[in-house]
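Please look at the aromatic rings and their partners in this model. A short report follows the display.

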Amino acid sequence: YRKDGVAQHENPEFLKIADKIKSLANDFNLNFRNIDNRVYEISLEGSGDEVVGIHAHADVVPVTPENWVLKDGTKLDPFKVTLVGDRMYGRGTEDDKNGIVVALYAMKIIKEEKLPLARNFKLLVDTTEETTGDAIPYYFERNPTPNYNLALDGSYPVVIAEKGYGTVMANFPRRAGQGKGAEITGLTGGMATNQIPSTSVATFATDKPAELAASLRKAGTDYAKANGGDFEVKSEVDGKTVKLTFTGVSAHSSEPESGVNPVARMLVFINGLDGKVALKHNHITDSARYATDNWGLDYLGKKLGIGFSDAFMGPLTASLTYVGMDDKTFKLAVNLRVPVGKPTETLKTEINDKLSAWAKKSKVAVAFDNSIDEPMYRNPEGEWVKALLAVATENLGMEHKFGTSAGATSVHDLPNGVQFGLAMPDVKYTGHNDNEFKTVEQFLLDLQVVTEMMGRIGQLPKL
């Protein structure tokens, strides 16, 4: 994944991936081009001028290695594929290195079988999908855009709508603790804005660690019971500090309903400690107050009054995810996923107005950086989407209807762009989670589906 201070196209790990993909493409008699270490292009040539772009990405979200432990105590290396039973564990097994591998092997099979193709296929391997997103635009400034674009980075069968991706970043200037009592000196959360972590850890500096640990344990246990009991609270003495750990269930932030967010729970808990535990007030208690007043434990934006829903695409979701701190600033991100139904600019203005009013009223020093992308909605017409839907639903025994997604992919702004797998919509998505895995059975099904898709789309007289 991304190295701090190193541009992705200069990241040595990505130079290794480029070499690996190049050697596979060469072995499979496919054309390989490396576009300035930003996008790797593998092409399968047909007879016509039309190009179908297959999109997958090689970058992954960060990991917390100590959380990669199975229930039986087996420790996993997140950056090695470990086969346990039918599950292949490893970061990127679901999001999205499987997409690269499946597409390469599908191209290899079609090439070996000498299947005649009426159009060309290009597999475009993105290196910045999880971070800056600048690699694909860089590629398109220098290369033609494919006529049709399929992302193997979403859900089956064929997804024609994607929610808009948004971030509300709150920046709290660091300030010395005021008042009496313990001081919170550190807080952990997601390592990326699109990642709900499994744990959040708050570090308290105190003169009475044993006493504080006991008070936090009691308050935390009561709080967990009062708020669903679906997360664990642990408090332990570590020298002159106390570490308070909330353990929930990690999730991709596009599916907050599939997880239990420990960051939101920790912040609301910290804010409720006044009167129970003596705490100095600083930038972290400021952030807890902000989180409690504006977002709370709900992930539907109800607290701020910005929630709305679309009948097909589902509700807006808002998840407290990323926590970061440098010498000057404590940062806290809310990740938004926005369906159609309200103009993006209207929503932006609503959020800005409400948060500005809160900051003024509460007198908390905070600066906001907000961004929201437009949602994507495609009109599903044409032989190509009918063929895609047929291939996926026939092979996977799924209902014959188009899907919608809360996750945005690199086809979001491209012509004729849809998601074509590789996740099953009714199964918990493990991308961005601890212990991410893909089953061998599903991997082989993906290979079958993508190979048949390329064959069928490649041979249709007209798309």
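The report covers ring pairs, charges over rings and one histidine.

This is a predicted model: local features need pLDDT of at least 70, side-chain atom pairs count only at pLDDT 80 or more, and totals for chains, interfaces and linings use all residues. Residues are numbered from 1 along each chain as its sequence is written, and side-chain values use heavy atoms, without hydrogens and water.

**Ring pairs**

The whole structure holds 15 aromatic pairs. Rings of Phe, Tyr and Trp (its six-membered ring) pair if their centres lie within 6.5 Å; planes under 30 degrees apart are stacked, over 60 edge-to-face, the rest tilted. Phe 312 and Tyr 377 pair edge-to-face, at 6.0 Å centre to centre and 80° between the planes. Phe 312 is in the loop between β17 (309–310) and β18 (314–315), and Tyr 377 is in strand β22 (residues 376–377), 65 residues apart. Strands are DSSP runs of E, at least two residues, numbered from the N terminus. Ring pairs also join Phe 172, Tyr 290, Trp 358 and Phe 368 into a cluster.

**Charges over rings**

A charge counts if NZ of Lys or CZ of Arg is within 6 Å of the ring centre and within 35 degrees of the ring normal.

| Charged residue | Ring | Distance to ring centre |
|---|---|---|
| Arg 38 | Tyr 138 | 3.9 Å |
| Lys 108 | Phe 28 | 5.4 Å |

**His 412**

His 412 lies in the loop between β23 (403–405) and β24 (417–419). His 412 is buried, at 9% relative accessible area. Buried means under 20%, exposed over 50%, partly exposed in between (1.4 Å probe, protein chains only). Phe 312 is partly exposed at 31%, and Tyr 377 is partly exposed at 47%. A polar atom of the His 412 side chain lies 2.6 Å from the backbone oxygen of Glu 374.

Methods
Helices (H or I, at least four residues) and strands (E, at least two) are DSSP runs, numbered from the N terminus. A polar contact is a pair of N or O atoms within 3.5 Å; within protein, one must be able to donate a hydrogen and the other to accept it, and residues adjacent in sequence count only if both atoms are side-chain atoms.
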